[in-house]
Amino acid sequence: MPLRPILMSDRKDGDSPDAAVITKTRPKTQRPPLYKVMLLNDDYTPMEFVVHVLERFFGLNHSQAFEIMLTVHKKGLAVVGVFSFEVAETKVAQVMDFSRRHQHPLQCTMEKE
Ligand code: TYC
């Protein structure tokens, strides 16, 4: 296509000669989905073991861990943390493996938030 000089007549009314248009675009940023990791109650796993699991794998202090353990004991389950898919999967695997190795039936699951 042949080039054509830019003419003053190309300017729209109201544009000053130095006018520039900055178009702000807001790109849609997709946040990765989060997963709730939950501990389930059972009748056999010792309370101290559950507290230990919460301290060891979820970085909770003793009183936070004790409180969540009691919630699980009373309500049947509780969310112990919210993580990316990969981190949640790792936590579940760590808890299940640790519990099995200690011969406790403690169950840990994950669910999309
Ligand atoms: N219910 C268990 C008991 O009385 C304690 C327990 C708490 C077990 C939380 C599992 O996720 C659990 N020994």
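Modeller: Let's start with a term we will need: helices and strands here are DSSP runs, numbered from the N terminus. Keep in mind that this is a predicted model.

Biologist: Happy to. Which pattern does the chain follow, read along the sequence?

Modeller: The order is β-α-α-β-α-β, with three helices and three strands in the chain. Of its 113 residues, 27% are buried.

Biologist: Now the ligand. Which residues are around it?

Modeller: A residue joins this shell if one of its heavy atoms lies within 4 Å of the molecule. Here the shell consists of L39, L40, N41, D42, T45, M47, V50, M69, V72, H73 and L106.

Biologist: Which elements each supply at least two residues of that shell?

Modeller: They are β1 (35-40), α1 (47-58) and α2 (62-75). The largest share, three residues, comes from α2.

Biologist: And by class, how many residues of the shell are nonpolar, polar and charged?

Modeller: Seven are nonpolar, three are polar and one is charged.

Biologist: Let's turn to a residue in a helix. Is S99 buried or exposed?

Modeller: The cut-off for buried is under 20% relative accessible area. S99 has 1% relative accessibility, so S99 counts as buried. Its place is in helix α3 (residues 85-101).

Biologist: What does the side chain of S99 reach?

Modeller: The side chain of S99 reaches the backbone oxygen of V95, at 2.8 Å.

Biologist: Last, the surface. Which residues form a nonpolar patch there?

Modeller: For a patch, we take residues with over 30% relative accessible area and, if nonpolar, join side chains within 5 Å. In this structure L34, V79 and V82 form such a patch, and together they have about 200 Å² of accessible area.

Biologist: Where is V82 placed, and what is its relative accessible area?

Modeller: V82 sits in strand β2 (residues 77-83). Its relative accessible area is 36%, so V82 is described as partly exposed.

Definitions and conventions:
Residues numbered from 1 in each chain as written. Predicted model: local features only at pLDDT ≥ 70, side-chain atom pairs only at ≥ 80, totals over all residues. Heavy atoms only, no water. Helix = DSSP H or I, 4+ residues; strand = E, 2+ residues; numbered from the N terminus. Nonpolar A, V, L, I, M, F, W, Y, C, P; charged D, E, K, R; others polar. Patch = residues over 30% accessible without salt bridge, like charges linked within 9 Å, V, L, I, M, F, W, Y side chains within 5 Å. Areas by Shrake-Rupley, 256 points an atom, 1.4 Å probe, with all protein chains shown as cover. Salt bridge = Lys/Arg side-chain N within 4 Å of Asp/Glu carboxyl O. Buried < 20%, exposed > 50% of the residue type's maximum accessible area, 1.4 Å probe, protein only. Polar contact = N/O pair within 3.5 Å; in protein donor to acceptor, adjacent residues only side chain to side chain.
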